[in-house]
Amino acid sequence: AELRVAVLGVGMMGADHVERITGRIKGARVAVVNDYLHDKAETIAAGIDGCRAISDPLAAIADPEVDAVLLATPGPTHEAQLIACIEHGKPVLCEKPLTTDVATSLDIVRREAQSGTPLIQVGFMRRFDHEYSQLKTAIDDGVFGRVLLAHCVHRNPAVPPSFDSSMIVKDSLVHEVDVTRFLFDEEITSVHIIKPSANPSAPAGLQDPQIAYFTTESGRHIDAEVFVTTGVAYEVRTEVVGEKGSAFIGLDVGMVRKYSTGAAVGDGRSRAGSWGGDITPSFTERFGQAYDTEIQRWVNAVRSGVNVDGPGAWDGYAAAAVCAAGVRSLDSGRPETVEMIDRADIHAVAASVSG
Ligand code: ISE
């Protein structure tokens with residue numbers, strides 16, 4: 001039967017998922033929508049056959065006509081909503097972050113382990129992007145020999161006014177954290193954030209850009225520039241460098257145009273011509289294919305009973321632990337050690353807290 005999905009939170013990301021499930025995803029439909037702006041949810045529900053708006057997110061999760069949940073609500077509400085999903089045994093795709101701090105993320109990992117069934121997938125969509133997938137396959141196939149370094153760039157034209165310096169770590173850099181763990185299959189052990197002089201066009205007090213250095217268990221070095229107020233467009237690039245070669249993704253190389261600029265510039269001389277192309281304006285375009293693949297594979301996984309096909313609660317917890325070290329480094333100006341439990345200890349820990 002068609003999977004009946006409740007989409008919680010219909011802001012930019014949630015509304016995009018509603019459209020995706022309704023228009024492009026096979027085997028699922030949006031049965032319930034919820035938002036703290038109930039009118040907005042009502043309007044969306046009215047446009048979809050058989051869809052209801054439910055104003056209480058926990059009631060939406062518990063609803064007997066909901067098979068699975070897509071959480072696109074603000075991070076601070078995730079904890080209670082994930083606990084409800086576990087209690088009702090409902091598979092859930094949770095947009096990042098899993099929760100907003102390390103302790104509650106670990107608690108979710110434990111509760112899921114105690115429930116005995118994998119239920120939670122975390123929305124680290126870059127793992128489903130064709131270019132990142134290709135890069136991962138090439139690394140695993142040994143094309144570059146041992147990969148030693150990665151250089152990342154993550155630029156946004158703008159961020160919401162609520163963004164502060166720690167959110168650049170927890171909301172934006174978190175993707176490079178997950179990409180690192182995904183590409184290299186190992187944990188990040190330390191984080192150092194460098195603070196270059198801030199963009200004069202950024203809101204006062206916002207430390208933007210930031211440069212992050214990660215060290216991994218095996219000693220790899222990853223650096224990432226995160227710059228979220230460029231005023232330009234959406235740019236996400238990754239280069240890996242190994243003993244036998246390197247690779248680069250994220251150039252946005254669609255059609256390259258050559259064109260005459262006509263108008264006189266600068267010193268009054270007119271330029272003969274220019275070349276260029278378009279850069280994606282935002283993550284919904286840059287990662288549109290990744291989101292489609294992510295949601296289709298999740299729907300297939302839930303329908304077949306495995307529930308998760310991608311990053312899980314553990315990955316959400318690990319990312320939270322790395323970001324916490326990043327936020328500490330933002331304060332201290334020094335490299336900070338990542339503090340996290342050993343993955344093998346989840347079940348021991350789950351057993352010890354049960355009862
Ligand atoms: C946003 O929440 C995302 O997840 C985007 O991928 C990222 O580029 C942006 O910086 C975040 O605010």
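Guide: Arg286 forms a salt bridge with Asp129, the closest N and O atoms being 3.3 Å apart, where a salt bridge is a side-chain nitrogen of Lys or Arg within 4 Å of a carboxyl oxygen of Asp or Glu. Because Arg286 lies in helix α8 (residues 283–286) and Asp129 in the loop between β6 (120–122) and α6 (130–140), the pair ties together parts that are 157 residues apart in sequence. Helices here are DSSP runs of H or I with at least four residues, strands are runs of E with at least two, and both are numbered from the N terminus. This is a predicted model, in which local features need pLDDT of at least 70 and side-chain atom pairs count only at pLDDT 80 or more, while totals for chains, interfaces and linings use all residues. Residues are numbered from 1 along each chain as its sequence is written, and side-chain values use heavy atoms, with hydrogens and water left out.

Both Arg286 and Asp129 are buried, a word that stands for under 20% relative accessible area, with exposed meaning over 50% and partly exposed in between (1.4 Å probe, protein chains only). Arg286 also forms a salt bridge with Glu131, the closest N and O atoms being 3.7 Å apart. Since Glu131 lies in helix α6 and Arg286 in helix α8, this pair ties together parts that are 155 residues apart in sequence. The relative accessible area of Arg286 is 11%, so Arg286 is buried, and Glu131, at 30% relative accessibility, counts as partly exposed.

Elsewhere, the side chains of Glu186 and Arg220 meet in a salt bridge of 2.6 Å, N to O. Glu186 lies in the loop between α7 (165–184) and β8 (188–194) and Arg220 in the loop between β9 (210–216) and β10 (221–227), so this pair ties together parts that are 34 residues apart in sequence. Glu186 is buried, and Arg220 is buried as well. A network of salt bridges links Arg127, Asp178, Arg181, Glu187 and Asp315, and the count of salt bridges comes to 24.

Helix α7 is also the place of His175, which is buried, with a relative accessible area of 8%. Not counting residues up to four places away in sequence, His175 touches Lys96, Phe124, Met125, Arg126 and His154, contact meaning heavy atoms within 4.5 Å.

Finally, there is a pair of helices to follow. The axes of helix α5 (residues 102–115) and helix α10 (residues 313–332) come within 9 Å and cross at roughly 165°; axes are lines fitted to C-alpha atoms, for helices over the stretch in contact, and angles run from 0 to 180 degrees between N-to-C directions. The two helices, α5 and α10, are therefore roughly antiparallel to each other, given that angles over 145 degrees count as roughly antiparallel, under 35 as roughly parallel, 65 to 115 as roughly perpendicular and the rest as oblique. From α5, the residues Val102, Ser105, Leu106, Val109 and Glu112 meet Ala313, Trp314, Gly316, Tyr317, Ala320, Ala321 and Ala324 in α10. The residues of this contact of α5 with α10 divide into nine nonpolar, two polar and one charged, where Ala, Val, Leu, Ile, Met, Phe, Trp, Tyr, Cys and Pro count as nonpolar, Asp, Glu, Lys and Arg as charged, and the others, Gly among them, as polar.
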